[in-house]
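Subject: Structure for your review

Dear colleague,

Please find below the structure that I am handing over to you. A summary of the findings follows it.

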Amino acid sequence: MPSFLDPEWLISTFGLAGILALVFAESGLLIGFFLPGDSLLFTAGLLVAGGTYLHQPLWLMCLLISIAAVAGDQFGYLFGRRFGPALFRRPDSRLLKQENLTRAKDFFQRYGARSIVLARFVPIVRTFTPIVAGAGHMHYRSFLTYNVVGGTLWGCGVTILGYFLGQIAFVRNNIEFILIGIVLVSVIPVAIELLRSRSRSRVR
């Protein structure tokens, strides 16, 4: 993959500050939907276990990543609340595709408030869901509660998974293949949803 999407290159170049900035961007900035969130956190946990590039304790990494994830979603919610209606009316642009907003909107309507937690584990959707929640004027306290739960589960869960698996020799020796697998697994929910959308379009 391009170096700017390679988790290990990003971490070796920008360190912890880069991880937090990327997590924030992917969680709530429209331009962040293409960033490698899951593989980034997994790699961060793996590198913490090996003491490579990152020398902070695991608990501090999890805490800071969770805060960055929650803060990113908060920004996305406020942005959607302020500019959401205008976003849904504008035509496609290079960065903003209406299909991404529509997909997040359908996801939000299907799962309700729970979507704030569930979307954390679905690439692309997790970037746009807080914006849709803000545009739909979801009750702020409810959003904040689910946002904290989702951000913590995702930020801690994926990082801890990488930390413990990173101590297994097979994983360390085959990290490239492991990261490819994570990306593929992350994309599966999106692919399924795209196939369902096409099927519904054909039926109509």
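A contact here means heavy atoms within 4.5 Å. In this predicted model, residues 24 or more positions apart account for 75% of the contacts in the protein chain with a separation of 6 or more.

The protein chain has nine helices and zero strands. Of its 204 residues, 46% are buried. Its accessible surface is about 10,600 Å², and carbon and sulfur atoms hold 66% of that area.

A search of the whole structure finds three salt bridges. In one of them, the side chains of Arg 126 and Glu 26 meet at 3.1 Å, N to O. This pair links helix 6 (residues 125–135), which holds Arg 126, with helix 1 (residues 7–28), which holds Glu 26, across 100 residues. Both partners are buried: Arg 126 has a relative accessible area of 2%, and Glu 26 has 1%.

Arg 126 also forms a salt bridge with Asp 38 (3.3 Å, N to O). Because Arg 126 lies in helix 6 and Asp 38 in helix 2, this pair ties together parts that are 88 residues apart in sequence. Asp 38 is buried, as is Arg 126.

A further salt bridge joins the side chains of Arg 120 and Asp 73 (3.3 Å, N to O). Arg 120 sits in the loop between helix 5 (115–118) and helix 6, and Asp 73 in helix 3, 47 residues apart. Both Arg 120 and Asp 73 are buried. Through shared partners, salt bridges join Glu 26, Asp 38 and Arg 126 into one network.

Finally, Tyr 53, in the loop between helix 2 (37–50) and helix 3 (58–89), has a positive phi near 70° although this residue is not glycine. Tyr 53 is partly exposed, at 44% relative accessibility.

Yours sincerely

Key:
Residues are numbered from 1 along each chain as its sequence is written. This is a predicted model: local features need pLDDT of at least 70, side-chain atom pairs count only at pLDDT 80 or more; totals for chains, interfaces and linings use all residues. Side-chain values use heavy atoms; hydrogens and water are left out. Helices (H or I, at least four residues) and strands (E, at least two) are DSSP runs, numbered from the N terminus. Buried means under 20% relative accessible area, exposed over 50%, partly exposed in between (1.4 Å probe, protein chains only). Accessible areas come from the Shrake-Rupley method with a 1.4 Å probe; for residues, only the protein chains shown count as cover. A salt bridge is a side-chain nitrogen of Lys or Arg within 4 Å of a carboxyl oxygen of Asp or Glu.
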